[in-house]
Amino acid sequence: NTPQGIIETLQLSGTVWMLNVCFGDTTTGLYFMCWKIIQAPVNLISNTVFLTHYNKASEFKKNGESYRPLMLSTAKALIAFSGIGAIIIVAFAPSLFAFVFGEEWRASGEMARWLAPLFVLNFSVSPFSFTAILENVQNKALGLNIIDVILKMTALYAGYLMNSLNWAIGLYSLVSSVMYIITFVWYLHLARPKLATE
């Protein structure tokens, strides 16, 4: 699972590098602040869900049972919970960032609005990455991560060609969200009940 972890780490570095090249230091700083603030609770809660559900899913698999219902019920709860956060972000993020960090960080809150769907799906899907480990398909998961990184960098560059930061962040959020949906559908497919002949 180490190569996948490296790719995920490089993803943030690549985003920061691409933003710096295309839109400059100020924009990079605004994005990094936005990412750090919103990603903190995502990492904390998602990692906890990952650990607890990995153990539960392992037991289900060992007993020949499907852990797909566990994934679906948990995903629904995570989407509902993070959806409330996304509504708050869309409605108030610029004002909240300006109030807490100063007026110069208002633009970081504007970025958070564009990234709200991405954060919801990241929060709701990433805890189930254990599926690839349980089903021993880490190489395919790595391939999806590489595609995700390429699409994200392409989205940022497309926004640069259109001379629009909003387009860059919006496309970045869109392609990332689509990849999370594809990944979750794949996880559900992997976790489907196995036939006796399989």
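1. A residue is called buried when its relative accessible area is under 20%, exposed when over 50%, and partly exposed in between, with a 1.4 Å probe and protein chains only. Met-18 is buried on this scale, because its relative accessible area is 12%. Met-18 belongs to helix α1, helices being DSSP runs of H or I with at least four residues, numbered from the N terminus.

2. The model is predicted: local features need pLDDT of at least 70 and side-chain atom pairs count only at pLDDT 80 or more, whereas totals for chains, interfaces and linings use all residues. Residues are numbered from 1 along each chain as its sequence is written, and side-chain values use heavy atoms, with hydrogens and water left out.

3. Leaving aside residues up to four places away in sequence, Met-18 touches Met-153 and Leu-156, where contact means heavy atoms within 4.5 Å. Met-18 and Lys-152 are 134 residues apart in sequence, yet their C-alpha atoms are 9.6 Å apart in space.

4. The largest pocket has a volume of about 850 Å³. A pocket here is an open set of points on a 1 Å grid over the protein atoms alone, where a 1.4 Å probe fits, with protein on both sides within 12 Å along at least five of seven lines; lining residues have an atom within 4 Å of a point. Its volume is the space filled by probe spheres set on the points, which are joined across faces, edges and corners.

5. The lining of the largest pocket comprises 34 residues, and Glu-8, Gln-11, Asn-122, Ser-126 and Tyr-180 lie nearest the centre. At least two lining residues come from each of α1 (2-23), α2 (25-62), α4 (106-125), α6 (138-161) and α7 (165-190); α2 gives the most, with 8 residues. By class, this lining has 16 nonpolar, 15 polar and 3 charged residues; Ala, Val, Leu, Ile, Met, Phe, Trp, Tyr, Cys and Pro count as nonpolar, Asp, Glu, Lys and Arg as charged, and the others, Gly among them, as polar.

6. The second largest pocket has a volume of about 440 Å³. It is lined by 20 residues, with Ile-38, Pro-41, Gly-85, Ala-86 and Ile-89 closest to its centre. Helices α2, α3 (68-101) and α4 each supply at least two lining residues, and α3 has the largest share, 11 residues. The class counts for this lining are 18 nonpolar, 2 polar and no charged residues.
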